[in-house]
Amino acid sequence: MAFRSHCQTVLGIFFALNGGCKAKPPVPLRVAAAADLAHAFDEIRPAFVAQTPSELTVTIGASGLLARQIEQGAPFDLFLAANTGYVEQVVKAGACDGSTAYRYARGRLVIWVKGVDGAAVTLDALAGERFKHIAIANPEQAPYGAAARDALTRAGMWNKISDRLVYGENVQQTLQLAQTGNADVAIVGLSLALAQKVGSWSLVDEARYAPIDQSLVVCTHGGNAAGARKLADFLDAPAGRAILRKYGFLLPGEALAKAP
């Protein structure tokens, strides 16, 4: 009996130690990404997870709204904004690490229509009777909306069509307004236009609006800064840049990736 009791004690200690050595579940990697990145992350996420196994969740939204959430303590690990201004804002607030920030792209504006003649639509053409409702993102919280307002103002069109404007919360929702017929045309980001199987578009002359320089930064309220740095590095490496280029997220000197 004494021998059995001793064995049971040893086994009990073994199982207790074994249970205590179980690997902790991975810390989730939480990303806040501008709405123009929605389709790109459909490819970025599985490519990164295959290389660096992790539980990666992505929240898509207007950069201004995401920045406010991060300032208020939202537990994001990485913030990809549609401009540098919002990254500077969260760094200044002490919510993100400025030493990790870098520009990952320069965005481009396009005019998108549901039909097949989008390539011929210009800013000046928006004054025509065909375009009774013109969708842009909210300029107060979405960088592409601010750029659209800038382009329309420089083209002398803002005052002519301002009463026809309808606003999306972010650039993705803005495109949806035109897709669903709630707007006749939308001024959105190139990345979203490239992802559509229907509709057509034309590029807005970049001289008509201030550069849409897009930056990312690792944040401090999340629990996985190390994972955020790995994802930031991935996006700056050949595999990540190839996906970004495919969706029109170009740096100066880069060209769109060719379709496979």
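Hi everyone, let me start with a term: a residue is buried when its relative accessible area is under 20%, exposed when over 50%, and partly exposed in between, with a 1.4 Å probe and protein chains only. This is a predicted model, where local features need pLDDT of at least 70, side-chain atom pairs count only at pLDDT 80 or more, and totals for chains, interfaces and linings use all residues. Residues are numbered from 1 along each chain as its sequence is written, and side-chain values use heavy atoms, with hydrogens and water left out.

Let's begin with the cysteines. By that cut-off, Cys96 and Cys219 are both buried. They form a disulfide with 2.2 Å between their sulfur atoms; the term here means a pair of cysteine sulfur atoms within 2.5 Å. The structure holds one such link. What does the pair tie together? Cys96 sits in strand E4 (residues 96-107) and Cys219 in strand E10 (residues 212-219), so the bond joins parts that are 123 residues apart in sequence. Helices (H or I, at least four residues) and strands (E, at least two) are DSSP runs, numbered from the N terminus.

Now to the sheet. Five strands make an open sheet, ordered E7-E6-E8-E5-E9, with mixed pairing; two strands pair if DSSP finds at least two bridges between them. Strand E7 (165-168) and E9 are at the edges with a single partner strand each, so one side of each has no neighbour in the sheet.

Which residues cover the two sides of E5? Leu109, Ile111 and Val113 are on one side, Val110 and Trp112 on the other, and all are buried. E5 pairs antiparallel with strand E8 (residues 185-189) over four bridges, and Val110 has Val188 as its bridge partner there. Four bridges also join E5 to strand E9 (residues 200-203), again antiparallel, with Val110 opposite Leu203. By contrast, strand E6 (residues 134-137) and E7 pair in the parallel sense over four bridges, and Ile136 stands opposite Tyr167.

Last, a pair of helices. The axes of H2 (residues 38-51) and H9 (residues 225-236) come within 11 Å and cross at roughly 115°; axes are lines fitted to C-alpha atoms, for helices over the stretch in contact, and angles run from 0 to 180 degrees between N-to-C directions. Among the residues that meet here are Phe48 in H2 and Phe234 in H9, where contact means heavy atoms within 4.5 Å.
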